[in-house]
Amino acid sequence: RAALVLATTATLWWPAQASNAEPTAAAALSGKQTIGSSLFRFWGFDVYQATLHAPAGFDAARFEQQRFALALQYRRAFKGADIAKRSLDEIQGIAPVPPQQAADWTAAMQRAFPDVKPGDQLLGVHVPGSGARFYLNGQLRATVDDPAFSARFFGIWLDPRTSAPQLRTALVANAQR
């Protein structure tokens with residue numbers, strides 16, 4: 001059983017050095033344009049500025065099939081574990097995830113998401129068929145090699161069933177329709 005847990009964890013997250021990911025956010029954003037941006041507020045508090053970057057022709061209705069990047073510029077301090085928990089809650093709000101998969105994804109996000117302070121930027125890159133790459137303040141921090149996780153994670157912002165439809169509308173404002 002321990003071998004199964006280790007194998008599952010290894011497929012969900014590899015240290016950034018083991019990946020062929022671009023080493024910097026600037027490299028990951030090469031060839032992408034800003035599609036939309038908006039300030040996300042929760043209960044009247046500014047949380048982060050979200051910006052969607054994608055190549056020309058990005059189709060929001062098929063987001064999970066295309067490569068793109070989502071930048072979150074934080075306006076408040078948060079613990080990485082809290083970001084991971086909230087992310088899983090949002091994923092589950094769109095569609096349930098089996099308990100073991102939820103635990104695996106939570107663990108991967110806890111490793112990928114650091115504590116943030118105002119001004120920090122987390123950039124996530126969705127790589128279809130591969131997974132997600134995460135950059136903190138421009139530097140590669142982690143990869144999660146699970147295409148299902150990546151599609152569901154970025155669905156927090158881009159799925160039509162998101163809990164923040166106005167934010168989604170602003171993010172995909174200049175996307176292909």
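The structure is a predicted model, in which local features need pLDDT of at least 70 and side-chain atom pairs count only at pLDDT 80 or more, while totals for chains, interfaces and linings use all residues. Residues are numbered from 1 along each chain as its sequence is written, and side-chain values use heavy atoms, with hydrogens and water left out.

Searching the whole structure turns up 9 salt bridges, each one a side-chain nitrogen of Lys or Arg within 4 Å of a carboxyl oxygen of Asp or Glu. One of them pairs Glu22 with Arg67, with the closest N and O atoms 2.7 Å apart. Glu22 lies in the loop between strand 1 (14–15) and helix 2 (25–29), and Arg67 in the loop between strand 3 (45–54) and strand 4 (68–74), so this pair ties together parts 45 residues apart in sequence. Helices (H or I, at least four residues) and strands (E, at least two) are DSSP runs, numbered from the N terminus.

Glu22 also meets Arg133 in a salt bridge, at 3.0 Å from N to O. Here the link runs from the loop between strand 1 and helix 2 to strand 6 (residues 131–136), with the partners 111 residues apart. As for accessibility, Arg133 is buried at 9% relative accessible area, whereas Arg67 is partly exposed at 27%. Buried means under 20% relative accessible area, exposed over 50%, and partly exposed in between (1.4 Å probe, protein chains only).

Then there is the salt bridge between Arg41 and Asp46, at 2.9 Å from N to O. Arg41 is exposed, at 52%, and Asp46 is partly exposed, at 28%. Back at Glu22, shared partners join Glu22, Arg67 and Arg133 into one salt-bridge network.
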